[in-house]
Amino acid sequence: QHQRYIEAHHALRWRELGLSGRPHVEVMPVLPSMAGLGSCLRIHRQGSRVERWFAVGGMADGALHYRLMTLGMAGFANLLGAGIPMPVALPPNDFSSAAEWIFRRAGCVVQSYPSIAVRIAAAALEKGLDLSGTTFLVAGEALTGAKRAVIQRAGAEAYPSYPITEIGPVGYACRQMNSGNCVHLFSDSIAVISHRQRAPLTEVEVDALLFTTLLPFAPHVLINAEM
């Protein structure tokens with residue numbers, strides 16, 4: 001029930017940003033992270049399909065069991081009709097093949113992390129590739145002004161989201177949020193307050209966020225849990 005509720009939030013963002021019918025690519029890790037597999041499944045349940053999955057991290061020689069498990073889970077999901085592409089490992093520290101694929105498939109939607117989106121944009125700039133029409137959906141770290149500037153210089157746009165593993169999505173950016181790192185808070189499912197406190201081992205005061213879950217079917221009950 002909670003997963004279906006989360007997918008309703010995803011569907012709202014899909015409509016708001018006009019993402020339906022556009023080629024979709026994931027630049028996400030394989031297991032033990034569920035980010036890549038989970039995203040592919042959500043997109044399938046929304047009636048779309050991921051065309052390419054570029055795998056980052058977890059593809060080293062010592063992670064063979066994770067690669068095999070990812071392939072097995074994706075294959076099993078495909079037997080049930082999910083249409084998940086098999087992950088293609090990117091060479092270490094080289095995002096040029098992802099940039100070239102995105103350039104050839106004009107109007108892509110790319111789901112990744114801000115730092116990886118910057119590396120893809122930088123590779124496109126280095127090769128003289130125009131990524132106009134590309135939309136990056138980024139999460140997992142702050143979309144700083146410097147990161148956004150590189151992405152926009154390559155012709156693309158970026159929209160942040162703020163998910164927490166124990167909670168799900170906290171908020172998404174809308175089309176008008178084309179600067180900064182702001183998102184709309186999902187006040188239907190999360191209550192949040194800002195709390196000033198001293199950072200550990202320092203004399204510096206910082207803003208922490210305290211989250212409380214509101215949905216009765218949330219998998220974790222959090223009461224003023226600090227993130």
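Visitor: Which strand pairs with strand E4 (residues 109-112) in the parallel sense, and over how many bridges?

Guide: Two strands pair if DSSP finds at least two bridges between them. Here strand E4 pairs in the parallel sense with strand E5 (residues 135-138), over four bridges. Valine 109 stands opposite threonine 135 in E5. Strands (E, at least two residues) and helices (H or I, at least four) are DSSP runs, numbered from the N terminus. Before we go on: this is a predicted model, where local features need pLDDT of at least 70 and side-chain atom pairs count only at pLDDT 80 or more, while totals for chains, interfaces and linings use all residues. Residues are numbered from 1 along each chain as its sequence is written, and side-chain values use heavy atoms, leaving out hydrogens and water.

Visitor: What is the order of the strands in the open sheet?

Guide: The eight strands run E3-E2-E1-E4-E5-E6-E7-E8, with mixed pairing. E3 and strand E8 (184-185) stand at the edges with a single partner strand each, so one side of each has no neighbour in the sheet.

Visitor: Is serine 189 buried or exposed?

Guide: Buried means under 20% relative accessible area, exposed over 50%, and partly exposed in between (1.4 Å probe, protein chains only). Serine 189 has 6%, so it is buried. Serine 189 lies in the loop between E8 and strand E9 (190-198).

Visitor: And where is methionine 86?

Guide: Look in the loop between helix H3 (64-79) and strand E3 (88-89). Methionine 86 is partly exposed, because its relative accessible area is 35%.
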